[in-house]
Amino acid sequence: MRAGEMLAVAGPNGAGKTTLLRLLAGLMRPSAGEVRIRGQRPTRDDPGPRRAIGLLSHHTFLYDDLTPAENLHFTARLYGLTDPAGATRAALEEVGLTARADTPVRHLSRGLLQRAAIARALLHQPDILLLDEPFTGLDAPSADRFRALLAAQLARGRALVLVSHHLAEAWDLATHVAVLSGGRWALEGSRPSDLAAFHARYAELVHG
Amino acid sequence: MAEFLRIAFAIAAKDIRLELRSRTALLSAIVFSALVLVVFNFARDPTALAAVDLAPSVLWVTFAFGAVIALNRAFYVERENAALDGILLAPVPRSALYVGKLFANLAFVGVVEAVALPLFVLFFNVDLGHALPGVLGVTALATVGFVAVGTIFSAMVVRTRFAELMLPVLLLPFMVPPLVGAVQVTAKLLAGRPLSEMMGWLRLLTLYDIGFVTLCILVFPAVVDE
Amino acid sequence: MTPELLAARRIVRRGQVLTVLGLLAAAAVYVIAIYFTPVEVRQGPAQKIFYVHAPAAWGALVAFAVVGLVSILYLWLQDERLDLFAASSAEVGIAFSLVMLTTGPIWGKTVWGTWWTWDARLTLTLFLFFLFVGYLALRAAVQDHGERARFSAVVGIMGLVLVPFIHLSVYLFRTLHPQPVLLKPSAPSMPPEMLRALLSGMAAFTVLYIGFVVLRYGLARLDNLREGAGDAV
């Protein structure tokens, strides 16, 4: 994948979409084949590959008893950022959490929690952002805000891999699509312009 | 190396901050240790055995049980919101995670011991006096050993259903050499014996610490990496 | 019939053959022990429990060493079959240690009047027993096969490193608190018939160990295949 591209991956439950992201993120080791980010494998202890990746998942990776500021500060130290305090401040501002930065995470509403998770994922300015079903549970305005955020990330030159049940949510932003079924790639290529036709094709591939 | 330690300290600091905020595990461990001491006190017949003979064993059994209670905490906190994955995502050497947790656990168990020791002196009327520096030293030496092993085991058992039961089952055989050594050295210290009599045990404790800390650092990545 | 299935079945068959051989050998050893060895003067006929007791301890120790070494191999080669082999060895090992731990006290009580002593052999076997229990309990508590294999390997290796420390602890303890040497079966001053019986016992138990482990391993491979097939269905 290249900067500014977004790959949307669709597939039925159990197809292996989450596993795919975990492999790309370096959380799992492939039993065959390999993942390369900038020519290196992310599972090695080599910092290089992992610095380039961010993951936004169902889990927030946040500690409930710490505040967003404390959580981000810790994350910054994990990623070896030179100015943890500054990076934390900037990230909180970017997602609009500055006002609640000192409330323990367990007291945040769902929407604010999502923002904190996004801040954590983007804190170290990853080149590649992996997203696992990010539109789940978002109402229409939140989904719009999120799409705007994704567009901004693409404009900044990031590459995105988005895994979802419902491709409609991110259709316009995607530059490529792929379908994962039963643990195998059923289709991959540039994103076609006709969503309805694609849905038909998808139904064929997965159920036919 | 500096980077490694910096990350380990960051992880330890985060754990300590978390524990200070909720305080649950620490308090349970301290109360538990105090209870154990009280039970020992009532369970013994003061005329049958001099306190001094029994004292080292009582002290170390208390330390051991208190430690086991406190040890599961460090990895338990990583279960919420898949926080452990969050750490593993980052460019963190897996061993640095282990060392960070080791430091945090040493701090927790250290606090439990720091509370249990004065209580012990109080309940059992033990005269530490000149033996105090030695006792503190051997406590530190033995604690490093079983906390090192306990930390790696707790990383494994928190993923199972019966974590509180599995940890003692796995850990207790490993606690025996440091405990036996600690009890022997403590007994000799309290009896005012010369250092030469303890050398064998001290060597055992030191060797155990070096051996197992090294082994755990080497083997830990296999525990967290899929 | 997949090649995997054929291979697993072949292993089971070999295991069965070896086990039968081992049992026959062990039976032969007992006949020799009961009828063809001299009765020990001080201990009487009960001393003959020793011919089961010592080889069982030997079997447990071998089983443990195998678990430890195969665990190291597993972490290096990441082959699931190594994990199954180590687990099989642990199951056989726990059985052998139980034999040793039951015959030991029976022997001790009959001959010397005490059920238990903290001598080096009994103590070590007791520890091996606890380590086996921990190892198998952990395996039972973990669902995912990959995780189970990794965790088992770690415990196996750590257990292996622990054994010298147990030895050292017992040694230091006994030099400080000399205890009457109640069990000294390894006294070199054994008449040749006894030594022969002992060595034959150890050989028989070794064959028995290999037989049991290979059999168990074959069965574990079959189980694994069945589970895998179940998933696919």
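Helices (H or I, at least four residues) and strands (E, at least two) are DSSP runs, numbered from the N terminus. In this predicted model, local features need pLDDT of at least 70 and side-chain atom pairs count only at pLDDT 80 or more, while totals for chains, interfaces and linings use all residues. Residues are numbered from 1 along each chain as its sequence is written, chains are lettered from A and ligands numbered from 1 in the order in which they are written, and side-chain values use heavy atoms, with hydrogens and water left out.

Chain A contains 7 helices and 6 strands. Their order from the N terminus is β-α-α-β-α-α-α-β-α-β-β-β-α. The C-alpha atoms of chain A fill a box of roughly 50 × 40 × 30 Å along the principal axes. Of its 208 residues, 49% are buried (under 20% relative accessible area, with exposed over 50% and partly exposed in between; 1.4 Å probe, protein chains only).

Chain C meets chain B through 28 residues, against 32 residues of chain B; contact means heavy atoms within 4.5 Å. The area buried between them is about 2,600 Å², and carbon and sulfur atoms give 83% of it. Buried area is the accessible area (1.4 Å probe) that two parts lose on being put together, summed over both. In chain C, Arg150(C), Met158(C) and Phe165(C) lose the most area to chain B, together 25% of what that side buries.

The C–B interface holds 1 salt bridge, defined as a side-chain nitrogen of Lys or Arg within 4 Å of a carboxyl oxygen of Asp or Glu. Glu147(C) and Arg159(B) form a salt bridge at 3.0 Å, N to O. Helices H4 (120-141) and H5 (145-176) of chain C each supply at least two residues of the side that touches chain B. H5(C) gives the largest share, 17 residues.

Over all chains, 24 salt bridges are found. Arg17(B) pairs with Glu70(A), with the closest N and O atoms 4.0 Å apart. This pair crosses between chains, from helix H1 (residues 2-22) of chain B to helix H3 (residues 68-78) of chain A. Arg17(B) is partly exposed at 40% relative accessibility, whereas Glu70(A) is buried at 18%.

Within chain C, Arg221(C) and Glu4(C) form a salt bridge at 4.0 Å, N to O. The pair links helix H6 (residues 192-232) to helix H1 (residues 3-36), 217 residues apart. Arg221(C) is buried, with a relative accessible area of 7%. Glu4(C) is partly exposed, at 37%.
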